[in-house]
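Thanks for passing this one along.

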Amino acid sequence: MNLVEVFTSIQGEGLYLGQPQVFIRLAGCNLRCRFCDTPQAWDIPPGCSIMTLNKGVTISNPVAIHPLIDFIKEDVQRYPTICLTGGEPLLQTDSLKELISEIKKRFEIQIYLETNGTLPYQLDQIIELIDIIAMDIKLPSLTGLKSFWEEHRDFLRIADKKEIFVKIVVGPQMVNEEFQMAIFLIKEVDANIPLVIQPLDNSLSLEWLFRYYTTGNKELKQVRVIPQVHKLVKWK
Ligand code: SF4
């Protein structure tokens, strides 16, 4: 697998905020969002840094699955949720299948997938191995990219077989109609899917955040406004 980094930390966003997890950041992304906070994951670096609770090493890419599991096994036994993040983890579905199958054979573990929600075919290949999905809906006015409504709809339909929540990043440049479209898209698939509204930075007033909350809450059963806490408190 091509990896950027592996580390143990505390989940800093979304509905699992505050849960210790072992993070595996996969290299490569099919998007180039304007507000991306992990551009270092767009390309494959020569080496992957592994920082577990007891050791730190750098190993060359591609990383073999069995040595990786040996490096993280103590942390996985102590904090039994693995967060697959990126970049876009679903670009390496074949390797992920092998990694997760092997990990699930050896440990009682939950697999939590963070994804941009644009690769439904790849999700379908791996959905049975995933326990929790944190899916983005990308708004073109914020990403600076084309829209992905069809991909997001197909993705949600597949993901809804498992525990899922959707995250929408909101910011001052956002076109409000796009936010409304995203809400209706979620409702069309399942109004019970929780929505996390995540402010891009601290430039939005509480008044605006309440407006977004109210817009979401009219159509969906569970809506929260949660900032990226790991950035505020400087967790990795
Ligand atoms: S999908 Fe995520 S990793 Fe990829 S460019 Fe967008 S924000 Fe960055």
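The points below go from the pockets to the cavity and then to the helices.

1. Ground rules. This is a predicted model, in which local features need pLDDT of at least 70 and side-chain atom pairs count only at pLDDT 80 or more, while totals for chains, interfaces and linings use all residues. Residues are numbered from 1 along each chain as its sequence is written, and side-chain values use heavy atoms, with hydrogens and water left out.

2. The largest pocket. Its volume is about 760 Å³. A pocket here is an open set of points on a 1 Å grid over the protein atoms alone, with protein on both sides within 12 Å along at least five of seven lines; lining residues have an atom within 4 Å of a point. Grid points are joined across faces, edges and corners, and a volume is the space filled by probe spheres set on the points. Of the 38 lining residues, E13, D37, T38, T85 and K167 lie nearest the centre.

3. Who builds that lining? At least two residues each come from β1 (3-10), β2 (20-26), β6 (110-115), β7 (132-136), β8 (163-170) and α8 (229-233). Helices (H or I, at least four residues) and strands (E, at least two) are DSSP runs, numbered from the N terminus. By class, the lining has 15 nonpolar, twelve polar and eleven charged residues. Ala, Val, Leu, Ile, Met, Phe, Trp, Tyr, Cys and Pro count as nonpolar, Asp, Glu, Lys and Arg as charged, and the others, Gly among them, as polar.

4. The second largest pocket. This one has about 210 Å³, and its lining includes P199, L200, D201, P227 and K231. Six nonpolar, two polar and two charged residues make up the lining.

5. The cavity. The whole structure holds one cavity of 30 Å³ or more, a cavity being a set of points where a 1.4 Å probe fits but cannot get out. The largest cavity has about 50 Å³ of space, and F35, D136, I137, K138, L139, L142, K167 and V169 line it. Five of these residues are nonpolar, none polar and three charged.

6. The helix pair. How do α6 and α7 cross? The axes of α6 (residues 176-189) and α7 (residues 206-219) come within 9 Å and cross at roughly 30 degrees. Axes are lines fitted to C-alpha atoms, for helices over the stretch in contact, and angles run from 0 to 180 degrees between N-to-C directions. The pair is therefore roughly parallel (angles under 35 degrees).

How values were computed:
Parallel < 35°, antiparallel > 145°, perpendicular 65-115°, else oblique.
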